[in-house]
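Hello,

Here is the structure I said I would pass on. Please open it first, then read the notes below.

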Amino acid sequence: MLSIKNLKAEIDGKEILKGINLEVKPGEVHAIMGPNGSGKSTLSSVLAGNDRFTVTDGEVLFNGKNLLEMPAEDRSREGLFLSFQYPVEIPGVSMVNFMKTAVNEKRKYLGQGPMSAGDFLKMLRDKKKVVEIDDRLTSRSVNEGFSGGEKKKNEIFQMAMLEPKLSILDETDSGLDIDALRIVANGVNKLKTENTSSIVITHYQRLLDYIVPDVVHILYKGRIVKTGPKELALELEEKGYDWIKEIN
Amino acid sequence: MSDQDKILKDVTQSDYKYGFVSNIESETIPKGLNEDVIRLISQKKNEPEWMLEFRLTAYSRWLEMEMPKWAHLKIPEINYQDIIYYAVPKQMAKKESLDEVDPELLDTFNKLGIPLEEQKMLTGVAVDAVMDSVSVKTTFRETLAEKGIIFCSFSEAVQEHPDLIKQYMGSVVSSADNYFAALNSAVFSDGSFCYIPKGVRCPMELSTYFRINAANTGQFERTLIIADEESYVSYLEGCTAPQRDENQLHAAIVEIVIMDNAEVKYSTVQNWYPGDKNGKGGIYNFVTKRGLCKGVNSKLRWSQVETGSAITWKYPSTILLGNDSSSEFYSVAVTNNYQQADTGTKMIHIGKNTKSTIISKGISAGKSQNSYRGLVKISKNASGARNFSQCDSLLLGDKCGAHTFPYVECENNSAILEHEATTSKIGEDQIFYCNQRGISTEDAIGMIVNGYAKEVLNTLPMEFAVEAQKLLQISLEGSVG
C-alpha cells in the first residue's frame, strides 16, 4: 500500500523529517505517536502533497506509484485521504456541492462518468448514517461555524464519501470530548476493510482504545525511533515521552 | 455535459471569449465632438426640436465641467476629439421582421448567446439588442404590449411616447449631474425604454444587451425605466466588446422612476473587454445609474456583477424619497491583471422609515486595484431610516489592492446605521484543503470565489446566475500561479 524510504523534508530551510522509513500493508492500522514538534503533522502534510514543505530526499510509493511526483489532487484521486488536524472553513460553499465536486473529480480521474444526482444523494444519506453526522451539517457551508467536534466528524464523513485506500488521521482526537471521540472512532472502524489502511497520528493512547493499531511507531526528532505492537502505546503512556528522550 | 463540466471547459479554454469582431460595415460620422456633430446625430435620428435643445444644453454644460479626479483610478488623458460618436451597422433602418435584418448581425448576437429569433430565446426574457449606436431589435414587443407594457429602443420612444420621455428624461440624472452624464446627454445615440403600467407585473425578464463592435467609437446609451403604481419588473443588462488594442469609451445613463408600491430589480452583468494581460486596450466604463423611489413603499434592488472593463467608474444609487421605500445594492466586482474599478453606491434617505442594504464584494487579483466607494446619507426628515452596509474584499496574490471608502452623512438622530467590513486573502490552506479532496487549484479558486460572492449571485435571475458564476471563474483565470 504505502512504502516510505529515507524520506527527508524541510520547511523554510529547516529540516523536519530526517529519514523516515515506513511500510504499510493493506488492511493494517499504524499508529504514529510522538511528542510535540517531532514531525508527525509534517509527515502527513508531505504525504498529502502540501507544497509548503520541500522533500529533499527519499522515495514514497503508493500502490506502486511514485507519490511524490503527483500533485496533491491526484494523490487524493489515487485514494489517499488526510483527515486534517485543523479543518479549514470555506464560506459560501455548500458541503453537498463540495462533496459532489470531489467525488466526481475522482470518478473522472478513474475514467468513470459523473454520478447521477439521485445516486449521489443516496450515497450522501448512507454515509451520513455511518458516521452519525447531523443532517444540519451537510446542508451548511464547508466547516463554517462548526464546533471542533463537528469539524472532526465532518472529516470522517468526507472520508466515508471518498472511500480512500489509505487514510491518514492527523490528531483526529484533539479537541474531542469522549462521546465525539467514540463516534469518530466508530466511523473509522466501520469504514475499515481488508483492502484499506490507516495511519493514525496521535499524542495520546486514548484514541487507540477505540481504533486498535496493528503497529505503533514512535516518532522523535524527525525519525522513527521505535516500532512495536499495540502494547508499545501503553508502555509509552505509562513512561511518558521522557523515556523516549532518554533512550535517544 | 453537466453545468459543472461546461464551466470547467470554459475555464480551461478561454481568455475573453467575446473578443471577436463582426464584419459588419458601419456608417459612421467623422471623429470629433462639437455642436455640429450633436446636430448631426439629432438629425440622423430625426429628432424633435426639444430633444436637440436638451442635447445642446447638456453639451454647453459639459464644456464647462472637468473630468472628476476623486476616484481611486489612474485614468489616462482621453481625447474627446478622437472618438467617433455615432456608428450604425449599415442598412440599419430598424426592421420589423427579422428576415430583413442583416444575417451577420443576427450571427453576432447568436455568437454572444443572445439569439434574436423569439422561438430560440430563453423563454421569459425579452431583449433589446443594441449594437454600437443603435438598437438592432427588440423582441417580444407584441406580447408585452398586450399588457400595456412599453419596451422599445430609446429612439423609438422619443418618436412614439414623447410625453413620457419629456416628463422623465433627466428627472433622475440631470445633464448637469456630472461630467460623464453631461457628455452622455449631449451625444447619446440609443438605449432602452421601458414603461410598466399601473398594477401590472411584467411577465418576463426585460433585458438590454449592449455590444460595441465598430473601432474608435464610443458607446453612449441611456436607459429609462418607469414603474407605475403597484407594478413590478425585473430588468437585466449585459455588455461585451471586441478585443482591441486601443481603449474605447462607454458612458451610459440609467434612470429609474418607481411609483407607490412598485418594485424594480435591476441586474447588470458587465463584461466589457478588460484589456489584455499587460493592460493594453479595454473599455473605459463611466456610468451613471440612479433610481428614484418616488412612491410610498416603492422598492429598488440593484444587483451587479462587474468583471470587465479596463476602468470602471460606477455607483448605482437610489434616492429614497417615498415614505417606507427601500433599496438594496448587491455587488461583486472582480479585477484582474491591470484592471481598475472604483464602484459602489449612494443611498439617499429622504422619506420616513426608509431602508437600505448594501452588500459589496470586491475580488482583486493580478496587479489590479479594486475600490468600494459608497455614501449613505440620512436627511433631516428621514426619521426611522435604517441602513446596513457590508463591504468585503478578497485578495488573490500580493500585487493587487483593495480599498474601501465608506461615507456617512447623518442629519437625523433616529436613524440606525450599521457598517461591517472585512478583508481576506484566499488562504493557501483553503486551496490545499480542496486539493486534498481531489479538487484542482483552478477549480478550488472558482469554488471559493463563488462561495464568497454567493449572497450577491443569489440575487440574480436564475438564467444569469450560472452565466455570472462562469464569468467570475474566467475572469480570475491564471490569477494564482
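What volume does the largest cavity have? About 90 Å³. Keep in mind that this is a predicted model. A search of the whole structure turns up five cavities of 30 Å³ or more.

**The largest cavity**

Start with the lining. It is made up of 15 residues. Those nearest the centre of the cavity are B:Ser360, B:Gly362, B:Asn370, B:Ser371 and B:Tyr372. Four strands of chain B each supply at least two lining residues: E19 (355-364), E20 (369-378), E21 (386-395) and E22 (401-410). E19(B) gives the most, with four residues. By type, the lining holds nine polar, four nonpolar and two charged residues.

**Salt bridges**

Next, the charged pairs. Side chains of opposite charge can pair when their charged atoms come close. Over all chains, the count comes to 26 salt bridges. Here are some of them.

B:Lys361 pairs with B:Asp392, and their closest N and O atoms are 3.1 Å apart. The pair links distant parts of the chain, with B:Lys361 in strand E19 of chain B and B:Asp392 in strand E21 of chain B, 31 residues apart. Are these two residues buried or exposed? B:Lys361 has a relative accessible area of 7%, under the 20% cut-off, so B:Lys361 is buried. B:Asp392 is buried too, with a relative accessible area of 7%.

Chain B has another such pair. B:Glu255 forms a salt bridge with B:Arg222, with the closest N and O atoms 3.0 Å apart. B:Glu255 lies in strand E11 (residues 253-258) of chain B and B:Arg222 in strand E8 (residues 221-227) of chain B, so the pair ties together parts that are 33 residues apart in sequence. Both B:Glu255 and B:Arg222 are buried.

Now turn to chain A. A:Glu235 forms a salt bridge with A:Lys239, and the closest N and O atoms are 2.9 Å apart. Both residues lie in helix H9 (residues 231-239) of chain A. They are four residues apart, about one turn of the helix. How accessible are they, in relative terms? A:Glu235 is partly exposed, at 32%. A:Lys239 is partly exposed as well, at 42%.

Last, look at A:Asp74, A:Arg77, A:Glu105 and A:Lys108. These residues are linked in a network of salt bridges.

Best wishes

Definitions and conventions:
Residues numbered from 1 in each chain as written. Chains lettered and ligands numbered in written order. Predicted model: local features only at pLDDT ≥ 70, side-chain atom pairs only at ≥ 80, totals over all residues. Heavy atoms only, no water. 1 Å grid on protein atoms, 1.4 Å probe; cavity = no way out; pocket = protein on both sides within 12 Å on 5 of 7 lines; lining within 4 Å. Points joined across faces, edges and corners; volume = space filled by probe spheres on them. Nonpolar A, V, L, I, M, F, W, Y, C, P; charged D, E, K, R; others polar. Salt bridge = Lys/Arg side-chain N within 4 Å of Asp/Glu carboxyl O. Buried < 20%, exposed > 50% of the residue type's maximum accessible area, 1.4 Å probe, protein only.
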